[in-house]
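Please find my notes on this model below. They are set out as numbered points, to be read with the structure open.

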Amino acid sequence: MILVNVLGVLLIALIVWWFWLYQPQATDLGASELTIVVENGTYQPARIQVPANQSVVLSFLRKDSSPCSETVLFPALKLSETLPLNKVKNITLPAMQEGEYDFHCQMQMYRGRLLVV
């Protein structure tokens with residue numbers, strides 16, 4: 001009985017860590033080409049570091065055919081874009097101040113974050 005309870009608590013801790021506490025390492029947009037792949041319920045990479053006070057272009061490649069992945073929203077920027085399936089879509093973002101800006105699909109199942117530094 002104790003073993004089952006311990007395993008249950010460990011499973012709950014793992015779920016909390018995975019869904020709410022895990023923060024993947026940020027990928028620097030830099031000068032190189034960076035394509036954000038939308039696939040299997042995720043944006044890859046999901047954390048992207050971009051420079052402050054400069055407009056940036058993000059390239060999205062949607063490989064996931066689910067309807068939720070069709071739109072990407074940047075709520076703080078009041079921006080919404082439709083992503084075509086299996087085609088790269090470039091989205092130009094305006095210059096942003098330092099901070100963190102979330103982006104996600106319509107139902108917020110796919111989530112990403114811009115780290116503006």
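**Notes on the predicted model**

1. Arg113 and Glu100 form a salt bridge, with their closest N and O atoms 3.2 Å apart. The term means a side-chain nitrogen of Lys or Arg within 4 Å of a carboxyl oxygen of Asp or Glu. This pair links distant parts of the chain: Arg113 sits in strand β10 (residues 111-116) and Glu100 in strand β9 (residues 99-104), 13 residues apart. Strands here are DSSP runs (E, at least two residues) and helices are runs of H or I (at least four residues), numbered from the N terminus.

2. A word on the basis. This is a predicted model, in which local features need pLDDT of at least 70 and side-chain atom pairs count only at pLDDT 80 or more, while totals for chains, interfaces and linings use all residues. Residues are numbered from 1 along each chain as its sequence is written, and side-chain values use heavy atoms, with hydrogens and water left out.

3. Shared partners join Glu100, Asp102 and Arg113 into one salt-bridge network.

4. How exposed are the members? Glu100 is exposed, at 51% relative accessible area. Asp102 is partly exposed at 36%, and Arg113 is partly exposed at 23%. The classes are buried (under 20% relative accessible area), exposed (over 50%) and partly exposed (in between), using a 1.4 Å probe and protein chains only.

5. The salt-bridge count comes to 3. Among them is Glu81 with Lys89, at 3.3 Å from N to O. Glu81 is partly exposed at 22%. Lys89 is also partly exposed, at 24%.

6. Is Ser69 buried or exposed? Ser69 is buried, because its relative accessibility is 1%. Ser69 lies in the loop between β5 (56-62) and β6 (71-74). A polar atom of the Ser69 side chain is 2.9 Å from the backbone oxygen of Asp64. Leaving out residues up to four places away in sequence, Ser69 touches Val38, Arg62, Asp64, Leu83 and Tyr110. Contact means heavy atoms within 4.5 Å.

7. One annotation to check. An unreviewed UniProt entry lists residues 6-22 as "transmembrane region". UniProt positions follow the numbering used here, feature names are shortened, and annotations may be inferred rather than shown by experiment. In the model, residues 6-22 are 94% helix and 0% strand, with end C-alpha atoms 22 Å apart.

Notes. Polar contact = N/O pair within 3.5 Å; in protein donor to acceptor, adjacent residues only side chain to side chain.
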